[in-house]
Amino acid sequence: AYIFVRSGTSWLLQTNLTASDGANNDNFGTSVSLSGDYAITGTPYDDDSGENSGSAYIFVRSGTSWSQQTKLTASDGAANDNFGFTVSTSGDYAIVGAPFDDDNGTDSGAAYVFVRSGESWSQQTKLTASDGAASDNFGRSVSISGDYVLIGANGDDDNGSDSGSVYVFKRSGESWSQYTKLTASDGAASDHYGVSVAIDYPYVVIGAFNSSVNYSGAAYFY
């Protein structure tokens, strides 16, 4: 993963990040996110908890240098979960998607919230959909801003097969609870609404790459 820094109107390469224990086919850099002095990089095909169980790496900046602070894995990680397929960080929090977790059925998906205390990161909770089902791929996209988290489930079927949906979770103290579920007002089968999400509270944008005529795609703003 490459970090660039702006100087006036120019962007300069500051560093190139790699995993301290990187290996063939890990796919470090599949997902990335940056907030302040912290960067997180997803590695969904890492094998620490089984083949393709996945992991994520946290890097911290000091001046112009970046160093690996920790490596995150799921407390209940298993083969083919692909933890790290998506990542997002904001302040002292990070969220990591595992869209092929099987808690609510095969490939139903999950997302994990981590919190920083000093130089340490610990898993705070594991999130799943209240109505999760097989092949929903909850955790295919994640985004965090302040006390709110968005989690995409592009394989959800509320508006037809693979129409997609997005779940909003809200933090209260150390607890996270499902706040609402979003679907497209014109959702249809194979739209994959929720394949990408972003939140900058109080605004939300959700991608649906197969939506509209001839799969031209669409984005929804809230």
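Predicted model: local features only at pLDDT ≥ 70, side-chain atom pairs only at ≥ 80, totals over all residues.
Local features require pLDDT of at least 70 and side-chain atom pairs count only at pLDDT 80 or more, whereas totals for chains, interfaces and linings use all residues. Residues are numbered from 1 along each chain as its sequence is written, and side-chain values use heavy atoms, with hydrogens and water left out.

**Aromatic pairs**

- The structure holds 12 aromatic pairs, where rings of Phe, Tyr and Trp (its six-membered ring) pair if their centres lie within 6.5 Å, with planes under 30 degrees apart counted as stacked, over 60 as edge-to-face and the rest as tilted.
- Phe 28 and Tyr 57 form an edge-to-face pair, because their ring centres are 5.5 Å apart and their planes stand at 65°.
- This pair links distant parts of the chain, 29 residues apart: Phe 28 is in the loop between β2 (10-16) and β3 (31-35), and Tyr 57 is in strand β5 (residues 55-62).
- Strands here are DSSP runs (E, at least two residues), numbered from the N terminus.
- Tyr 148 and Tyr 201 are stacked, since their ring centres lie 4.8 Å apart with planes at 5°.
- Tyr 148 belongs to strand β12 (residues 148-153) and Tyr 201 to the loop between β15 (193-200) and β16 (203-208), so this pair ties together parts 53 residues apart in sequence.
- Ring pairs also join Phe 28, Tyr 57 and Phe 59 into a cluster.

**Accessibility**

- Buried means under 20% relative accessible area, exposed over 50%, and partly exposed in between (1.4 Å probe, protein chains only).
- Tyr 57 is buried at 0% relative accessibility, and Tyr 148 is buried at 12%.

Definitions and conventions
Helix = DSSP H or I, 4+ residues; strand = E, 2+ residues; numbered from the N terminus.
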